[in-house]
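Biologist: I am new to this structure and would be grateful for a guided reading. Please take one part of the chain, examine it closely, and then relate it to the rest.

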Amino acid sequence: MKDVPHIQDRLKNGEYSYIVNTTSCYQGIKDSKLICRSALQYKVHYDTTVNGAFATVMALNENPIKNIETLQEIHKKIQLFYTKK
């Protein structure tokens, strides 16, 4: 097996700017602590849920000057998005 760079090395080298890390098993939870610490150290945005990632992406796509909405309005948009599926 080739020597593959560890995620900490990739974070340090600036290869990632955003991480969505969901876990469901004990080993995954253990690994996620290390990933989270490294993300914080290298100032990489980190989400632990798909819903959190979705909200982040929605926020990044909005023009902060043009659209000012309350949290309740954003929540309503998210609910409408999921009910359309």
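Modeller: Val20 lies in strand 1, which spans residues 18-20; strands (E, at least two residues) and helices (H or I, at least four) are DSSP runs, numbered from the N terminus. The model is predicted, so to speak of a local feature requires pLDDT of at least 70 and to count a side-chain atom pair requires 80 or more, while totals for chains, interfaces and linings use all residues. Residues are numbered from 1 along each chain as its sequence is written, and side-chain values use heavy atoms, with hydrogens and water left out.

Val20 has a relative accessible area of 40% and is therefore partly exposed, a class between buried (under 20%) and exposed (over 50%), computed with a 1.4 Å probe on protein chains only. Once neighbours within four places in sequence are set aside, Val20 is in contact with Asp47, Thr49 and Ala53, contact being heavy atoms within 4.5 Å. With Ala53, 33 residues separate the pair in sequence, and the C-alpha atoms are 6.5 Å apart in space.

The largest pocket holds about 220 Å³ of space. A pocket is an open set of points on a 1 Å grid over the protein atoms alone, where a 1.4 Å probe fits and protein lies on both sides within 12 Å along at least five of seven lines; lining residues have an atom within 4 Å of a point. The points are joined across faces, edges and corners, and the volume is the space filled by probe spheres set on them. Helix 3 (50-61) and helix 4 (71-83) each give at least two residues to this lining, and helix 4 has the largest share, with five. The lining consists of Ala55, Met58, Ala59, Glu62, Asn67, Glu69, Leu71, Ile74, His75, Lys77 and Ile78. By class, six of these residues are nonpolar, two polar and three charged.

Two lining residues, Glu69 and Lys77, have side chains that meet in a salt bridge, at 3.0 Å from N to O; the term requires a side-chain nitrogen of Lys or Arg within 4 Å of a carboxyl oxygen of Asp or Glu. Lys77 is partly exposed because its relative accessible area is 37%, and Glu69 is partly exposed as well, at 31%. The count of salt bridges comes to two. A salt bridge also joins the side chains of Arg10 and Glu15, at 3.1 Å. Arg10 is partly exposed at 25% relative accessibility, and so is Glu15, at 44%.

Apart from neighbours within four places in sequence, Ser38 is in contact with Gln8 and Leu11. Lys43 sits in the loop between helix 2 and strand 2 and is exposed, since its relative accessible area is 76%. Its phi is near 55°, a positive value in a residue other than glycine. The C-alpha atom of Lys43 is separated by 19 Å from that of Ala55, 12 residues away along the chain; Ala55 is one of the residues lining the largest pocket.

As for confidence, the chain has a mean pLDDT of 87, and 93% of its residues reach 70 or more; pLDDT is the predictor's confidence in each residue, from 0 to 100. Helix 2 (residues 26-41) has the lowest mean, 88, and strand 2 (residues 45-47) the highest, 94. Where pLDDT is low, the predicted coordinates should not be read in detail.

Technical notes: Nonpolar A, V, L, I, M, F, W, Y, C, P; charged D, E, K, R; others polar.
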